[in-house]
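Hi there,

Here is the structure I promised to pass on. Please have a look at it first, and then read my notes below.

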Amino acid sequence: MKSNQLFILMLLFLAFVNQGLAQTAPFPWPEGKKMALSLSFDDARASNTALGIPLLDEYGVKATFFVLPAAVQRDLEAWKKAVASGHEIGNHSISHPCSGNFIWARNRALEDYTLDRMQHELMQANEQLSELLGINPLVYAYPCGQTFVGKGVHTQSLVPLISEMFIAGRGWMDEAPADPYYVDLAQLTGMEMDGKSFNELLPLIESASKNGQWLVLAGHDTQDSGNQTTYLTMLRELSEYVNDPANGIWIAPIGTIAQYVKEKREAIADTVNIPELVRISPNGQLRLTAEKGRGIGPDIKYMPEWKAFGWFTAKDSIVWDVEVPSDGKYEVQMEWSVSDQESGKVFVLLSDHERISGVVEKSGSWETFKKESIGKIHLKKGYNRVVFKSGQEFEKGALLDLREITLEKIE
Ligand SMILES: [Zn+2]
């Protein structure tokens, strides 16, 4: 790339990042949609098959119903019809265990559950739903939105189990839509739509649309009034709103969108900067990629086209949070590029207790990346903070483009 081309690219990039905090483009929803929306209803209430599903079917809107097998049995033919018309059936446990602070749940309190019992019951629920409806649930909704079993020192999280058994696990009474780049699909936020008018929900939809998010609405009964009820008038107005292409909403069941998010994230993982904890990779390396680093400073930029961070001032740095599997010395490799004119500046790599310093050697050009050992560093077991920055002041120019720091244990 010629320097004037690079300059134009930098300007474009500056204009782009100045639009918001995030250094990432809006999430690539299908067909250029602005946001995703899922409607979900819990407990297989009788009003769902009687009123809610016929209304949604009128508009061709597909929703997710988190059901208990026993409740499905009471109205089996209607639930079979719901499946046939394209609605998703999710697992909502066998007996709806919740905290024993709900008196009705005291005989099946999560505080008195174990992970083993929960796993057994969730498998039972899956099997029964498969027998009743001929489907295999891909998604789960935590009863009462609660994600634990046990109490006190015996408390354990249900999230790893749900993560293994399902593509997504939805919460309840959450306060924000899901960020498709970031969200843990096993802890998908579910926002309440019960008791709300369309006008009350509209600001939430507009904000999710502005931020390219995935809004998952959660409710129970579907009728004109009552407790824990999603109002039919709201559902009608909402269905009309989402069916207007001008609003750019992708509405689909949770499992459909979760699958899309998962695949898309894997496909674009090496071209978006989403700072996250670095854990050891399957081949035993700690890969401190530009995608996982947090750029700090006045002018540091993640450049997706180069899969690298670009440095423009001496005050810029990148920080990585790293979970180190064992105490010891690690060999450090650096992958970078730099033009011959800008090469030769001093860089520093800092861990909590040690530092490596070196000179940015020539790589050939900004377009040619090179990977070389830059020394050894001691890291302690557990959490470490690793920082890369300039080791000298400079007024003009650039330090380097940094693609990756790779750490490999040597002793
Ligand atoms: Zn429920």
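The domain bounds I use come from an automatic or database domain assignment. On that basis the protein chain has domain 1 (30-267) and domain 2 (273-409), and the centres of the two, taken over C-alpha atoms, are separated by 42 Å. The C-alpha trace of the protein chain spans about 75 × 50 × 35 Å along its principal axes.

Two notes on conventions. Residues are numbered from 1 along each chain as its sequence is written. This is a predicted model, so local features need pLDDT of at least 70 and side-chain atom pairs count only at pLDDT 80 or more, while totals for chains, interfaces and linings use all residues.

On confidence: pLDDT is the predictor's confidence in each residue, from 0 to 100. The average for the protein chain is 93, and 94% of the residues score at least 70. Residues 11-22 have a pLDDT below 50, and beyond near neighbours in sequence this stretch has four contacts in the model. Two residues are in contact if their C-beta atoms, placed from the backbone, lie within 7 Å.

Now the interior. I call a residue buried if 20 or more other C-beta atoms lie within 10 Å of its own, exposed if 12 or fewer, and partly exposed in between, with C-beta atoms placed from the backbone. Buried residues make up 37% of the 411 residues in the protein chain. A nonpolar core is a set of buried Ala, Val, Leu, Ile, Met, Phe, Trp, Tyr and Cys residues joined through C-beta atoms within 7 Å. The largest one has 65 residues, and Ala168, Leu215 and Val216 have the most contacts inside it. A second, separate core has 33 residues, including Val278, Ile377, Leu400 and Leu402.

Next, the secondary structure. Helices (H or I, at least four residues) and strands (E, at least two) are DSSP runs, numbered from the N terminus, and the protein chain has nine helices and 23 strands. Strands count as paired if DSSP finds at least two bridges between them. Three bridges join β14 to β17 (residues 317-324), and Ile296 has Ser317 as its bridge partner in β17.

Strand β1 (residues 35-42) runs parallel to β2, and three bridges join them; Asp42 is partnered with Phe66 of β2. Both faces of β2 (residues 64-67) are covered, as Thr64 and Phe66 on one side and Phe65 and Val67 on the other are all buried.

Which residues does Trp79 contact, leaving aside its neighbours within four places in sequence? They are Thr49, Val72 and Leu133. Trp79 sits in helix α4 (residues 76-84) and counts as buried because it has 24 C-beta neighbours inside 10 Å.

Finally, two backbone details to look at. Most residues other than glycine have a negative phi. Ala44, however, has a positive phi of about 55°; Ala44 lies in the loop between β1 and α2 (46-59) and is buried, with 24 other C-beta atoms within 10 Å. Lys307 also has a positive phi, near 50°. Lys307 lies in the loop between β15 (301-303) and β16 (308-310) and is partly exposed, with 19 C-beta neighbours inside 10 Å.

Best wishes
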